[in-house]
Amino acid sequence: MRRHQAIKDSFLENRIFLSRTVILFIVMLFLIAGLISRLIYLQVAGHSRYHGMATNNRIKVTSVPPTRGIIYDKQGRILAENLPSYSLEIIPEQVADVDDTLHRLQVALAISEEKIAAFKKHRKRYKRFDSIPLLMQLSNTDVAKFAVLRHTFPGVDIHARLNRHYPYADLTAHVVGYVGRINEQELKILPEAEYRSIHTIGKVGVERAYEDVLRGHAGYSEIETNAQGKPINELGKIKPIPGADVYLTLDVDLQKVAYDALAEYNGAVVAIDVETGGVLVQVSKASFDPNLFVSGISYADYKALNSSNNKPLFDRVLRGQYPPGSTLKPFIGLAGLEHKVTHMHQTLFCPGYYQLPNKSHKYRDWKKWGHGKVNLDIAITQSCDVYFYDMSLALGIDKLSSFLHKFGFGQKTEIDLKGEKAGLLPSREWKRINRQQAWFPGETLITGIGQGFTQVTPMQLARATATLASQGQIVTPYLAERIIDGDREVTVKRSAQKSIELKPSNVQNIIAAMVHVVHSPRGTAKRIAKGIDYQIAGKTGTAQVYTVKQDEEYNEDEIAFNMRDHALFIAFAPANNPKIAVAVIAEHGSHGSSVAAPIAAAVIKQYLANKSEPVE
């Protein structure tokens, strides 16, 4: 058995003990110093950071969405409002397994795969503690179903929200527009602080153009939570600032008159207040129900709209580009007078066609047997093409293009909406740059009757008509009449007034000829003059959809509907003191006189009959 040997040297023993004690003391000093340093850091240097972290474990700062502003028509009727509805929302931070929760919700409430996919896509733009909508505009049945199962879905709840609603639906869809869910492209450029609690944004129309005004400003709420993150108390709140209300110049009753008058035709109707530029009517047909987009349109509904031959999503007023046809003739006639290449009594014989010198090609008149002897007044009244072929050639494309440019052709109208097209006003330079070709005399001829390369939008045509009605005072169309932010009215910016220098007698002669279009026995729009005690100045137009060959005749009954000519009409009234200017395009309507003119007349008659009383 092994025996322990005692240390006989007591001095060595004391020395070892003392050295170990000193080492231990030094280590303790270092540890105490480290602890003190850490305490100083936590209490002083890191106080703000850790205090914030501790507070965040107990307090959540959430964004409170503002109430979107209301859109009204000129009579104070609501065009876009906010209606209360219920939405099913998820807070990912409070859900153990989001995918499992989504699956169980899908089974319980019969949620489509499309809605689930949309939620997963939109979830990326939110924080984990944000309440993210899965379903919006829940029915009472769905609310009741979920209420029974609420206890089995932690982190999922029903919230009352305000959803956008458009009471006039397809009647004002293109002009008022709609809101829709914010997409990834928009998210990259939007201020996060303002849109954190907002799920929708204006997509088109007034909703888009005045998004910053209508949106308002988000508020903030400090919520005290328990250890599980469940809200238990509101500690403080900065109220959101509601969006401003926008009052439009649009008259929804007059809008309905125009929409109904188009009947089975697709097309556009624009009416402008000549004195102010306010847009009274802005109809684009075919149309759609904008309420479908508010909470996220289904794939099936969007496909149906997008693939329809009627193109209901296409805004014909601002983006539709059409040949103006004979509606351009009053402006061509005025150019001829201003440049002194013709006068009101200068005559020309119309045999039904026109030929350039030493050329065999015949540029036909719409009237096969011709108009006989005509002057400028008769040429406008009866829409003689041959007269305008000859005058356009005398003007030349350079003067012609320059003069039409003054009336805004080939330019955006600067209306307070986005997405407007500029149309096309051809010129020698335009063709050289875009077609790498020289300009030919025959192209000047067809430009003079509103065909060829020339393209106009309905809004552009209405603006030019209003400018002619005001004898050269350029009319800039607008929609927002007033913006009311709380208890104050916001100043709406208007474009500076400009004018075209024109000889008054020349303008009066053209207007007189346009009056004859409606009120002369041989005027192309004489049928709309019945039953009115004032004069309408107008001009019919027919725009070719396809070109008829030299040896062929246009036979309306033998061609497909979608290949028939467009019907156009421009007008203003009363002719001696214009109040309203109208432009109408009825796609494939064939005749401006029988299709487009009555539509414009319906709008004018209703507006002038009783401007202060709503249409029944």
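**From one loop outward**

Asn576 sits in the loop between strand 20 and strand 21 (580–586). Helices here are DSSP runs of H or I with at least four residues, strands are runs of E with at least two, and both are numbered from the N terminus. Asn576 is exposed, at a relative accessible area of 71%. The classes are buried (under 20% relative accessible area), exposed (over 50%) and partly exposed (in between), with a 1.4 Å probe and protein chains only.

The model is predicted, so local features need pLDDT of at least 70 and side-chain atom pairs count only at pLDDT 80 or more, while totals for chains, interfaces and linings use all residues. Residues are numbered from 1 along each chain as its sequence is written, and side-chain values use heavy atoms, with hydrogens and water left out.

What lies over them? Contact means heavy atoms within 4.5 Å. The length of helix 22 can be checked too. The helix runs over residues 504–519, which is 16 residues, and at 1.5 Å a residue it should span 22 Å. That expected span is 1.5 Å times one less than the number of residues. The end C-alpha atoms of helix 22 are 22 Å apart, so the span agrees.

Ser383 lies in the loop between helix 16 and helix 17 (385–395). Its phi is near 60°, a positive value in a residue other than glycine. Ser383 counts as buried, at 5% relative accessibility. Ser590 has a positive phi as well, near 75°, and is likewise a residue other than glycine. Ser590 is placed in the loop between strand 21 and helix 23 (592–609). Its relative accessible area is 5%, so Ser590 is buried.

Now step back to the whole chain. The protein chain holds 23 helices and 21 strands. Its radius of gyration is 36 Å, well over the 25 Å that the globule rule gives for 616 residues, so the chain is more spread out than a compact globule. The radius is taken over C-alpha atoms, and the rule is 2.2 Å times the number of residues to the power 0.38. Along the principal axes, the C-alpha atoms fill a box of roughly 150 × 55 × 50 Å. Buried residues account for 50% of the 616. Take the contacts between residues at least 6 apart in sequence: 72% of them join residues at least 24 apart.

What about surface and charge? The chain exposes about 31,600 Å², with carbon and sulfur atoms supplying 53% of that area. There are 74 positive and 62 negative side chains, and the centres of the two sets lie 6 Å apart. Lys and Arg count as positive, Asp and Glu as negative; His and the chain ends are not counted.

Ser139 is in the loop between strand 4 (132–135) and helix 5 (140–149). With a relative accessible area of 34%, Ser139 is partly exposed. The C-alpha atoms of Ser139 and Ser87 are 9.4 Å apart, across 52 residues of sequence.

Thr200 is in strand 7 (residues 200–204). Is Thr200 buried or exposed? At a relative accessible area of 16%, Thr200 is buried. Beyond its neighbours within four places in sequence, Thr200 is in contact with Val179, Gly180, Arg181, Ile182, Tyr195 and Val294.

Ala286 sits in the loop between strand 12 (279–285) and helix 12 (291–294). The peptide bond from Lys285 to Ala286 is cis, with omega near 15°.

Tyr299 is in helix 13 (residues 299–307). Its relative accessibility is 56%, so Tyr299 counts as exposed. Tyr299 and Asn434 are 135 residues apart in sequence, and their C-alpha atoms are 39 Å apart in space.

Terms used:
Areas by Shrake-Rupley, 256 points an atom, 1.4 Å probe, with all protein chains shown as cover. Charge placed at Lys NZ, Arg CZ, Asp CG, Glu CD.
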